[in-house]
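Here is a short briefing for a reader new to this structure.

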Amino acid sequence: MSLWLSGIGVSRGIAIARVQKVHGGDLDVPEYTLAAADVGDEVQRFLDAHGLAKAQLREVRERIPEGTPGDIAAFIDTHILMMDDRSITDATITHIRNARINAEAALLRTRDALISVFEQMDDAYLRTRRDDVEHVCSRILRILLKSDRQLCARGEQGEPTVVVADDVTPADIILLAQQQVAAFVTEYGGPLSHTAILARSLGIPAVVGLRDARRLLRDNETVIVDGETGHVLADPDELALSFYRDKQRKHARHRAGLVRLKGRDAISRDGVPIRLLANIELPEDARIAEEAGAQGVGLYRTEFLYMNRKELPSEDEQYEAYARIVSAVSGTITIRTLDLGADKQVDSGRSHGPLPTNPALGLRAIRLCLKEPELFRVQVRALLRASSHGRVQIMLPMISNLQEFCQASALIESAREELRAEGKPFAPDVPIGAMIEVPAAAIAAPMLARHARFFSIGTNDLIQYTLAIDRVDDEVNYLYDPLHPAVLHLIRHTIESGRSAGIPVAMCGEMAGDPRFTRLLLALGLTDFSMHPNNILEIKQIVVESDVAKLRAAMQDALERKDPQELRERIALLDQL
Ligand code: PEP
Ligand code: MG
């Protein structure tokens, strides 16, 4: 009998294949006391397992195929660095010695302590680092428990399978992708988890957050995975199979057809030019953005430079990294200043205090930079110096009032004066803009627009703060609604305020790269969309098929609907225009 399951679709595409359940971090770990004489051997057993886990990861790193997106190699590098970090090894050895317990149990204690630190963090991206700790520790655990079953995405007849796991590590994803895995289904994770990010980068259909998937699905049974809707259908009947095969064929035809759009301008049917920009995080991403035909970078998240290290990056180190990326991008590059929350890994330059109760509402992003002006000054000097290599603009995250914007601008101005006095080159006119991701900033957009040279709407946070839902909390994920009338009004108000003031308004949150919302955003008057480079052609396709004037007229009417359901129906109708 067929069984319908529903998770979160995070990477589009349909897979029809047999189930292959694999191990995840959810391992049965015994705990036992050691005789005093055995403690030394146990420490050695742990160190051997740790060494082997690291060697395995290095091998995976070396086998990453040419052309794989840069963020994938970076994930593996992060895990290798984490293996090198003594906080895992030292703490585990201390547990073995002091509590006289076996290595597996000691490692579990270390893992749980580290995870609880990460769980306190606010920044969504950094919170996904919790998954990294989990993945690294479970790799060592699997070796200690000798349960390191070789991951295999191939079934008994060598056919690709749907891998079902509690979670899969980035390293495992690479191995599975090399074996042409059909799809992933995981029990944990959300749209911002590494599994989701990697699956999207590699174009593998994926559904995450499907609790109990391993209990409900049986090895070898046929399943249909719809990575768009999040549906997983076990043991489908002929009718369902033929429906999804048809959907699969349409999806494949659609993707193949997109290639012809490379090199073509993103101009709507009625002649409105639209700018499609890239969101990037790592220096290698600049190349991917160029290849995808991005007209510039709408968001360069600089946080990666500060991660997994004890010391803050120096001005010169930052300058070199930024200069490399700026030189590699032919259009304008929008560099966002540090957007960190309460983060232990990068806090060598920060004042310490108790962890905030509501980190998402605490000292983060621009607030942290204004509290720690030296942290900000070093980054800004590096950014300004890099501006002499291309067209740079500086974007300030999480602005919630005009004073913050003016204070940050004054600090940037004094960095300019310093560089001028030192005779260091920088571009004479580097625009400073604000991210609009706090409802207060969206509402006060007309006032901010008199000072900012550009806006970029960060819908990930704007939705989180408008609807009061933690964007990384699985329990309230269901409330995350980009179509909520309050969100749409804030987006429209921001776009219109920018237009009245004559400044460009872009959007760099996930919504901008999601084809379900492209027509809606065009209808709201958005002209600059910034997204993961993999989405650019898909969005371009919709742009060139759209009549912006018609969409705008229809939207005007839709937004006047008082009933949210009616508004939703009107929005759905935009797809038919
Ligand atoms: C956003 O909030 O929409 C955004 C783009 O920034 P981040 O996801 O890095 O918070
Ligand atoms: Mg944000």
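**Overall picture**

Among contacts in the protein between residues at least 6 apart in sequence, 71% link residues at least 24 apart. The model is predicted. The protein has 577 residues, and 56% of them count as buried. Its secondary structure comes to 23 helices and 16 strands.

- Strand 15 (residues 505-507) and strand 16 (residues 528-531) run parallel and are joined by two bridges.
- Met507 has its bridge partner in strand 16: Phe529.

**Helices on the sheet**

**Helix 3 with helix 4**

- Two packed helices are described by the angle between their axes and the distance between the axes.
- Helix 3 (residues 86-99) packs on helix 4 (residues 103-119) at an angle of about 130 degrees, and their axes are 8 Å apart.
- That angle makes helix 3 oblique to helix 4.
- The crossing of helix 3 past helix 4 is right-handed.
- From helix 3, the contact uses Ser87, Ile88, Ala91, Thr92, His95, Ile96 and Ala99. From helix 4, it uses Ala103, Ala106, Leu107, Arg109, Thr110 and Leu114.
- By class, this contact has eight nonpolar, four polar and one charged residues.

**Helix 18 with helix 19**

- The axes of helix 18 (residues 459-467) and helix 19 (residues 485-501) come within 10 Å and cross at roughly 130 degrees.
- Helix 18 and helix 19 are therefore oblique to each other.
- Helix 18 passes helix 19 in a right-handed crossing.
- Helix 18 contributes Thr459, Leu462, Ile463, Thr466 and Leu467 to the contact. Helix 19 contributes Ala486, Val487, Leu490 and Ile491.
- Seven nonpolar and two polar residues make up the contact of helix 18 with helix 19, with no charged residues.

Methods:
Residues are numbered from 1 along each chain as its sequence is written. Chains are lettered from A and ligands numbered from 1 in the order in which they are written. This is a predicted model: local features need pLDDT of at least 70, side-chain atom pairs count only at pLDDT 80 or more; totals for chains, interfaces and linings use all residues. Side-chain values use heavy atoms; hydrogens and water are left out. Axes are lines fitted to C-alpha atoms, for helices over the stretch in contact, and angles run from 0 to 180 degrees between N-to-C directions. Helices (H or I, at least four residues) and strands (E, at least two) are DSSP runs, numbered from the N terminus. Angles under 35 degrees count as roughly parallel, over 145 as roughly antiparallel, 65 to 115 as roughly perpendicular and the rest as oblique. A crossing is left-handed if the near helix is turned anticlockwise from the far one by less than a right angle, and right-handed if clockwise. Contact means heavy atoms within 4.5 Å. Ala, Val, Leu, Ile, Met, Phe, Trp, Tyr, Cys and Pro count as nonpolar, Asp, Glu, Lys and Arg as charged, and the others, Gly among them, as polar. Two strands pair if DSSP finds at least two bridges between them. Buried means under 20% relative accessible area, exposed over 50%, partly exposed in between (1.4 Å probe, protein chains only).
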